[in-house]
Amino acid sequence: MIACLLIPGFPLRAALAARPRLALRPAALAPIEGEEPLIGAVTAAAEAAGVKPGMRLGEALATCPSLVLVEQDPARAEQAWEDVLRRLEDAGFAVEPGEPGCVYFETSGIERLYGGLERALQRALAAVGSAWDVRAGAAARRFAALAAASVARPGQILVVSDERANEFLAPLPLGLVPLEPSRQQELRELGVRKLGELAGLPGAAVAERLGPDGRRAWSLARGGGKRKPRGRRPPAEIVEALEFPEAIDNELTLRRALGALVDTLLGRPERAGRFARKLALTARLVGGGSWRRTVTLRDPTVEVRRLRAALGPKLAELPAPVVELGLELVELTESTGRQLELVPPEGADLVDRLQDGLRQVRAATGTGSVCTVVEVAPWSRIPEARALLVPRDE
Amino acid sequence: MTSETTNRSTRAARPAGRVNEPRPALVESRFSGDPTHVNRQAIALVREEWRVVDRWWTEEPVSRRYFDVVLESGENAVVFHDDEHGRWFTQKA
């Protein structure tokens, strides 16, 4: 069986963790700056007042004038989601995370451990914790498991047998399949409102009318594929962060700080010669919000120039001045040997001797004693604002 | 079961220090505000004088009057009067 655990509106719940009182009031995730003004997940009180996720901001405020907008906090959400996944892994579940708030795992291996499917799922719900209002679904197919979790109540477990999967899916609303709102509207206008009605149409006709996405939705409405979830590789999580004396918003300064972070991160001994496959750039914004972008490299590398080229453009997406910039090595390759060079490049000997010297200084004086000067605003009229001293432990 | 962050190989954000921070200086000045002595040494020549007014829109505005001076001993020095705090500092400009 494939199990699915679902926490609806996870990014909003994570953002509300710091302000739990708002959870009982009409609140919604604010639109992302620079994008279409559509609100994100909403609280139960907001939903009761007629506000729906994905509504236009103006319409939502007109529907519910007391609606509180909660700033997106992707860094906090990612951290909270990672904690949930780790708790599940600690309880023995090899999880395959979907988007934040949705996780799949195969139950056959752990049913024996916990004495049956129901007990294993109860253990999984307990591992996540009741505060998240998590719900569980299990079925032979992934989509059926997701659909079961979607209609379950908080803390409830819904198991759908393979024979009854189609019967179970048929009366469910069309909104469960991942299809663009315009396509869903098109189907509704054609009189297709339930999954069973979509599944009853000829596949070729659906593909002709709605394209590949429609064909995929049709396949899901009939239960979807049986691909087993694959347990994820726990992230490496080697993190470096740099706190600025004042909020910084010019890209050149941020690029320089990023350069220093890349150098320091690659020098961390925990990396143990492994190459970076996936990195995350994080920032704490002035005013309290956070920002996070992940970058997966086509070829794993530790070349500073390539890493800077991959991460640098992301800095242009920062929505506000930054008070802290962080860099995480999220995924590393397996350890590999290093090919020694027959003839070392020119200057390598000098660099080695310099690094040896720095290591000795560090050993004698402690961490933080060796610093790099990073020019951050050489044009500034205030002399002390032109450069920063960044601690460099490796 | 592990706690929230025990297995994260995280390092707390380290504050970046400033380079060329102003250091307090002992300066005697005339009524006009021009310095006459720096750290008990008389000034032989004021080579240049300029003003820096910046960040007036923040809670930490900067208003300084800089002097690039040559002392009687032949030593060069740059001092400034911080108009916000009413104190003298020395700094490499």
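**Around strand β1 of chain A**

In this predicted model, Cys4 of chain A (A:C4) has A:Y104 as its bridge partner in β5(A).

- Chain A has an open sheet of five strands with mixed pairing, ordered β4-β5-β1-β6-β7.
- The edge positions belong to β4 (95-97) and β7 (157-159) of chain A; each has a single partner strand, so one side of each lacks a neighbour in the sheet.
- From one strand to the next, the twist averages 20°.

**Partners of β1**
- On the β5(A) side, A:L5 has A:V103 as its bridge partner.
- β6(A) also pairs with β1(A) in the antiparallel sense, over five bridges.
- In β6(A), A:R135 is the bridge partner of A:L6.

**Burial of β1**
- In a regular strand, side chains alternate between the two faces of the sheet.
- Both faces of β1(A) are covered, with A:I2, A:C4 and A:L6 buried on one side and A:A3 and A:L5 buried on the other.
- Overall, five of the five residues of β1(A) are buried.

**A helix across the strands**
- Helix α7 (residues 142-151) of chain A lies across β1, β5, β6 (135-139) and β7 of chain A.
- The direction of α7 makes about 150° with β6(A).

Key
Residues are numbered from 1 along each chain as its sequence is written. Chains are lettered from A and ligands numbered from 1 in the order in which they are written. This is a predicted model: local features need pLDDT of at least 70, side-chain atom pairs count only at pLDDT 80 or more; totals for chains, interfaces and linings use all residues. Two strands pair if DSSP finds at least two bridges between them. Helices (H or I, at least four residues) and strands (E, at least two) are DSSP runs, numbered from the N terminus. Axes are lines fitted to C-alpha atoms, for helices over the stretch in contact, and angles run from 0 to 180 degrees between N-to-C directions. Two residues are in contact if their C-beta atoms, placed from the backbone, lie within 7 Å. A residue is buried if 20 or more other C-beta atoms lie within 10 Å of its own, exposed if 12 or fewer, and partly exposed in between; C-beta atoms are placed from the backbone.
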